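Here is a friendly walk through one structure, taken a few residues at a time. Keep the viewer open and follow along.

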Amino acid sequence: MKRSRVNEIIAQADEFIRSFGYVLPPFAYWTPSEMKDRQGEIGTIVKAGLGWDVTDYGQGDFDTLGLFLFTVRNGDAADLAKGRGMLYAEKIMISRQDQISPMHRHTIKAEDIINRGGATLALQLYNDDGTGVGIDTSGDVEVVTDGIRRVLPAGGILELRPGESVTLLPGNWHKFWGEGGDVLVGEVSTVNDDRTDNTFLDPLGRFSAIEEDVDPMHLLVSDYETWFGTRA
């Protein structure tokens, strides 16, 4: 993706998020030079991968296959083994109308996907076939939506309207998109590791390669290694 396009998406996303009364933390608006100047203070931000995230999954067509995300908080995966500490994460995302976030599953992360406002969020769901890399095209899928048990056929479409949510457990294959308009999406989950805990049904990259045609408005989490020598 071109950096100019990333800057445009960030500006549009900020406006959309604010339209629902959701306000991002102060560090979201620091410029790259401000983050560099405060490098001694932001170790947790960098290590936890907090901040802006725009992906086209390496396919070069964000409007068709892509997702905007901002990681607001995230714990340390090392705490999971101890069973105590900051074991949770939170994201705010935008799923645009008919923009696919492709079929994938997680190995560690359980997550609540929440429609925070806008149009309908549609999710296609499958169970894992037992291999960890394929879907079960025959078995029913059981999920919980706001405490209510729901059963769908394999490949069934779950529709979440504003205020509704679904709990997805490790192994639940899912893809999602905005149905009838753009959707503000919340995610509350186990500690999040986007570099190692995403398995895509088709070979895709989680982060986009950026063509630096202009200066960045704000850094992406995928920029941290270049700017700070530490990968989120």
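## A buried aromatic pair

Trp-52 and Phe-68 are both buried in this predicted model.

The aromatic pairs in the model come to seven. In one of them, Tyr-29 and Trp-52 have ring centres 6.4 Å apart and planes at 75°, so the arrangement is edge-to-face. This pair also joins distant parts of the chain, 23 residues apart, with Tyr-29 in the loop between α1 and α2 (32–37) and Trp-52 in strand β1. Is Tyr-29 buried, exposed or partly exposed? Its relative accessible area is 27%, so Tyr-29 is partly exposed.

Stepping back, ring pairs connect Phe-27, Tyr-29, Trp-52, Phe-68 and Phe-70 into a cluster.

Now turn to His-218, which is found in the loop between β12 (199–200) and α5. Its relative accessibility is 9%, so His-218 counts as buried. Which backbone oxygens does the side chain of His-218 reach? One belongs to Ala-28, at 3.5 Å. The other is that of Trp-30, which lies 3.0 Å from a polar atom of the His-218 side chain.

Setting aside neighbours within four places in sequence, His-218 is in contact with Arg-3, Ile-10, Ala-28, Tyr-29, Trp-30, Pro-32 and Trp-52.

In soluble globular proteins, nonpolar side chains tend to be buried together. The largest nonpolar core here has 32 residues, and Val-54, Phe-68 and Phe-70 touch the most other members. At least two residues of this core come from each of α1 (3–18), α3 (43–48), β1 (51–55), β2 (67–74), β3 (88–95) and α5 (224–228). The greatest contribution is from α1, which gives six residues.

What does Val-54 contact, once neighbours within four places in sequence are left aside? The list is Met-1, Val-6, Ile-9, Ile-10, Phe-62, Leu-67, Phe-68, Ser-208 and Leu-220. Another core, of 21 residues, lies apart from the largest one; Leu-69, Leu-125, Val-166 and Phe-176 are among its members.

## Arginines over a ring

Phe-207 has arginines over its ring. Arg-195 lies over the face of Phe-207, 4.6 Å from the ring centre. Arg-206 also lies over the face of Phe-207, at 4.7 Å from the ring centre.

## The β7–β8 hairpin

To finish, look at strands β7 (residues 141–145) and β8 (residues 148–152), which pair in the antiparallel sense over five bridges. Thr-145 stands opposite Ile-148 of β8. The two strands form a hairpin with two residues between them. In that turn, Asp-146 has a positive phi of about 50°.

Methods
Residues are numbered from 1 along each chain as its sequence is written. This is a predicted model: local features need pLDDT of at least 70, side-chain atom pairs count only at pLDDT 80 or more; totals for chains, interfaces and linings use all residues. Side-chain values use heavy atoms; hydrogens and water are left out. Two strands pair if DSSP finds at least two bridges between them. Helices (H or I, at least four residues) and strands (E, at least two) are DSSP runs, numbered from the N terminus. A nonpolar core is a set of buried Ala, Val, Leu, Ile, Met, Phe, Trp, Tyr and Cys residues joined through side-chain atoms within 4.5 Å. Buried means under 20% relative accessible area, exposed over 50%, partly exposed in between (1.4 Å probe, protein chains only). Contact means heavy atoms within 4.5 Å. Rings of Phe, Tyr and Trp (its six-membered ring) pair if their centres lie within 6.5 Å; planes under 30 degrees apart count as stacked, over 60 as edge-to-face and the rest as tilted. A charge sits over a ring if NZ of Lys or CZ of Arg is within 6 Å of the ring centre and within 35 degrees of the ring normal. A polar contact is a pair of N or O atoms within 3.5 Å; within protein, one must be able to donate a hydrogen and the other to accept it, and residues adjacent in sequence count only if both atoms are side-chain atoms.
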